[in-house]
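Look at the fold below before reading on. Trace the chain from its start to its end.

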Amino acid sequence: MIAGVQQRWIVLGADGRHVSLGRTEPSEPEVVAASDALAAQGLSGWLARMQGDYYSRGKVTLEPLQRIGIAHDADWQAALAAFHAARQRATH
């Protein structure tokens, strides 16, 4: 992590919806629970690492770490674009 840059782990849905798992790397049981929760709703997504302050106007970057939820071939770039659109709506 770059000094002063916020880092957190999130679940990013294929449709751009997202939820924070916290500022420390989630344990394997936490990842399994998040994956199972998505799958129970028929959804897919990724465990991702987010860098930057979500509520600032600064840059936020996401790094996909693991596919979770139902088996999928969802498009990371489309999910990323939907995430940024949701962030834009939430912060303006």
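The report below covers the sheet, the helices and one arginine.

## About the model

This is a predicted model, in which local features need pLDDT of at least 70, side-chain atom pairs count only at pLDDT 80 or more, and totals for chains, interfaces and linings use all residues. Residues are numbered from 1 along each chain as its sequence is written, and side-chain values use heavy atoms, with hydrogens and water left out.

## The sheet

Strands of a sheet pair through backbone hydrogen bonds, either parallel or antiparallel. Here, four strands make an open sheet, ordered β2-β1-β3-β4, with antiparallel pairing. Strands (E, at least two residues) and helices (H or I, at least four) are DSSP runs, numbered from the N terminus. Two strands pair if DSSP finds at least two bridges between them.

At the edges lie β2 (18–22) and β4 (61–69), each pairing on one side only. Neighbouring strands are turned by 30° against each other on average, direction ignored. Such angles run from 0 to 180 degrees between N-to-C directions, using axes fitted to C-alpha atoms, for helices over the stretch in contact.

## Strand β3

Strand β3 (residues 44–51) pairs with β1 (residues 7–13) over seven bridges. Arginine 49 of β3 stands opposite tryptophan 9.

## The helices

Helix α1 (residues 28–40) lies across β1, β3 and β4, at about 70° to β4. Helix α2 (residues 76–91) lies across β1, β2, β3 and β4, at about 110° to β1.

## Arginine 8

Arginine 8 sits in strand β1. Its side chain makes a polar contact with the side chain of serine 20, at 2.7 Å. A polar contact is a pair of N or O atoms within 3.5 Å; within protein, one must be able to donate a hydrogen and the other to accept it, and residues adjacent in sequence count only if both atoms are side-chain atoms.

Conventions. Contact = heavy atoms within 4.5 Å.
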